[in-house]
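Please have the structure open as you read.

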Amino acid sequence: MKALMEKLEHLLELGGIKKDIALLAVSGVAVLLSLFGVRPLPFDMAWVAIILCGVPIILEAVIGLVTAFDIKADVLVSLALIASVAIGEDFAAGEVAFIMQLGALLEELTVAKARAGIEKLVHLTPQTARVLRDGRENILPAQQVRVGDLLRVLPGESVPVDGVIVSGQTSINQAVMTGESLPVDKTVGDEVSSGTVNQFGAFEMRADKVGEDSSIQRMIRLVQSADAGKAKIVGLADRWATWIVVIALSAATLTWLVTGQIIRAVTILVVFCPCALVLATPTAIMEAIGNATKHGFLVREGDALERLAGVKVIAFDKTGTLTYGTPEVVDVTSVTDTYSKEQIYRLAASAEQLSEHPLGKAIVRCCKKEMGGELAPASDFQMIPGRGVRARVAGKTVLVGNPELLHEHGVSMTPPFPAEEAVQNGCTVIYLAADGVFAGYIVLSDTLREESADTVQALNALGVQPVLLTGDHENAARTIAGRLSIASVQANCLPEDKLKAIDQYQATGQPVCMIGDGINDAPALKRAQVGIAMGGVGSDIAVDAADIALVDDEVKELPHLIALSRRMMRTIQVNMTFSMALNFAAIVLAINGTLNPVVGALVHNAGSVLVITCSAFLLKWKRK
C-alpha cells in the first residue's frame, strides 16, 4: 500500500496532459482489475479510479456550484458517481469516472491539436541576435536589440527582428510569414522579417522594428487573442446545457419515484450529461481557425468566423488590397524624333536616381528591372517640391515632373499630346524635357493583383456582393472596378465616408465584411460585421482594428475563408442536432431499463467522440 501511494504521489507531481495520461493509465488498469475480480489490495480496485478520476469531477462541480451556481455536466456526473457508490455499484462508479475523464482528455488533446497549427508561431520567436557594436560581434537576447542596431545573420539562423539588409546577399525562407514554399532572394535594401530563416549567404542588417513591434510578435499577439469561447453561439450552447441538466435531474427523480429503481435514475444522470452539446461549437470553431491559419489567415476572435458566415457584402479598399499598392511603369512615349522610348526611359531614371519621391523611385526600379545595365550618373540634382526634379545627365539638363515644372522652366507642351486617355484611366503621367525641349512622358499605374479578378468572380459565385470603397479619384476607381466587374463603386472616400457606406448596407440587413490595409481603413474595419486587414502590407493600426489578418496578402484565399465559415456553421448545427438527439434517445433507453450506468457512460462518451470527429474534418476541409 505504501509503494502504491508513493507512485501516486509521483504521478501527481507531473504536469498538464502528461499527468492526466498517467492518472488515466493507472485508473484504467484498476478498472480492468476490478472487472475481473482481481484484488491485490484489500478493497475493490475500482476505488482507485473513483478517487483519481471521480474526486476531481466532484470538486469541479462543487466549486462551480458554490462560486457561480454553475450547473453543468460535472453536476450530473457527480450525482451519478455518488448514487452509484451509494447503491453498491463500485465498478460502475469507477468506470463512469474513468470514461468521463478519458473523454475530457480526448477533448483536450483534440483542441490542443487544432490550436497547434496556430500556436507554433510562438515557438518560432528568435531568442538571440548577433549585434555588431564597436566593431565587435555580441550575441545578445533578441529582446535587447534596439532600433538602428547593426546585426549579422548567418546561414541557417532566424532573422531576430524586422529590418533592412545593408550588406550581403542571401535567400530567405519566408514560409512562416507568407506561406511561400520557395526561398526569396534578398540583397541590399530589401526588407527582412523576424522569424524568417536565412537559407544561404550571411548578411548584415539594420534593425527597424524590434521587440513587440516585430512581425513575428505582432502575429503572436493575433494568435494569442484567438479564443473560441468568445463566439456568441458558444454561450447559447452553454445555456442549453444548463436546461438539459435541469431536465435530466427532473427525469431521474421522476423515474426513481415511478419505477422505484434508483439504478435507472443513476443511468439517466450519466447519459444525459450535455458534454457533446457544449463541445459541439468550440471544437468546430478551433478546427476552422486552424484551417484558416493554413490558408494565411490569423483569426483574432472566435466569433469572427461565425459573423463572417452571415456576410452579404464584401467591401474592398483598392490600393494594396485589389492592387499591389506600388506604382509600376506601364508605358513610355517619345514625342520627338530626337529621343527613342528607351532613351526617354533611361534619362528619366538617371535623373530620378537621387529622388526620394515614390514615383521617382518607381521609375528607377522599373527601368533597372526592364532594361538592365547601369544608369548614367546625375549631377546638379535638385528636388523641387510639388513639381519634380532637375538634374544634369549625359551633358543634358533634364526636367522630370508634372506640367507645372516644365511650364515654369519655359518648356512648351503644345500642341496637346495623347496622354489624356491615361489620365482618364486613373494613371499618373510624368513628363520629361531635355535641354528645354519637351521630349516625352512616362505613364505609371498601380497594377492589379493577378488573383483579384478570379477572387471577385468566386465571391459572386458564393452570393456575396463585392463593392469598392476607395479614397482614389473617380477615374482610377471606375477603371479598376470595370476590369474586375465590380458594379458598386464609391470613390474619393474619406474614412467617415467608408463608415457611412458600411452603415447604409448594414441598416438594410446586408452585413458587410470590410477588407483594407491602411490607417484610413481602421474605422471601417472596426464598424463592419467583420474586418479583414492585409497583414503583410497593412499598417499596424489596421491589423489591430481588424477581426482577421491576411498574413500573406493572398486575396485569392478570401472565397475559401467565407466558404469555410459557412461550412463551420453547418458543422455546428449538425453537432448540436446530433448531441440533442443522442441525449433524448439515451434518456428514453435509460428510463425503460435498457441502459445501465456502465453502458450509459460508453454511449455518452461515444457521442462526444463523434462530435469531435465531425469537427476535426474542418481542419483539412477545402473549397471545391
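In helix α9, the buried residues are R264, A265, V266, T267, I268, L269, V270 and V271, where buried means under 20% relative accessible area, exposed over 50% and partly exposed in between (1.4 Å probe, protein chains only). That makes 8 of the 10 residues of α9 buried, so the helix is mostly covered. Helices here are DSSP runs of H or I with at least four residues, strands are runs of E with at least two, and both are numbered from the N terminus.

A word on the source: this is a predicted model, in which local features need pLDDT of at least 70 and side-chain atom pairs count only at pLDDT 80 or more, while totals for chains, interfaces and linings use all residues. Residues are numbered from 1 along each chain as its sequence is written, and side-chain values use heavy atoms, with hydrogens and water left out. The pLDDT, the predictor's confidence in each residue from 0 to 100, averages 82 over the protein, and 85% of the residues score at least 70. Where pLDDT is low, the predicted coordinates should not be read in detail.

Now to the helix pairs. Axes are lines fitted to C-alpha atoms, for helices over the stretch in contact, and angles run from 0 to 180 degrees between N-to-C directions. Angles under 35 degrees count as roughly parallel, over 145 as roughly antiparallel, 65 to 115 as roughly perpendicular and the rest as oblique.

| Helix pair | Axis distance | Axis angle |
|---|---|---|
| α9 (residues 262-271) and α22 | 8 Å | about 170° |
| α17 (residues 452-461) and α22 (residues 558-591) | within 9 Å | roughly 25° |

α9 and α22 are therefore roughly antiparallel to each other. Their contact (heavy atoms within 4.5 Å) joins R264, T267, I268 and V271 of α9 to N583, A586, I587, A590 and I591 of α22. These residues divide into 6 nonpolar, 2 polar and 1 charged; Ala, Val, Leu, Ile, Met, Phe, Trp, Tyr, Cys and Pro count as nonpolar, Asp, Glu, Lys and Arg as charged, and the others, Gly among them, as polar.

α17 and α22, by contrast, are roughly parallel. Here T455, A458 and L459 of α17 meet L558, P559 and I562 of α22, a contact with 5 nonpolar residues, 1 polar and no charged.

Which residues touch the most other members of the largest nonpolar core? They are L305, I532, I548 and M568, in a core of 86 residues. α22 gives the most to this core, with 12 residues. A nonpolar core is a set of buried Ala, Val, Leu, Ile, Met, Phe, Trp, Tyr and Cys residues joined through side-chain atoms within 4.5 Å. Leaving aside residues up to four places away in sequence, I532 touches C513, M514, I515, G516, L525, A546, I548, L550, L558 and L561. Apart from this core lies another, of 27 residues, including Y345, I363, V400 and A439.

D134 sits between β1 (128-133) and β2 (136-141), and its phi is positive, about 55°, although D134 is not a glycine. A394, in the loop between β14 (388-393) and β15 (396-401), has a positive phi near 55° and is likewise not a glycine. D134 counts as exposed at 78% relative accessibility, and A394 counts as exposed at 57%.
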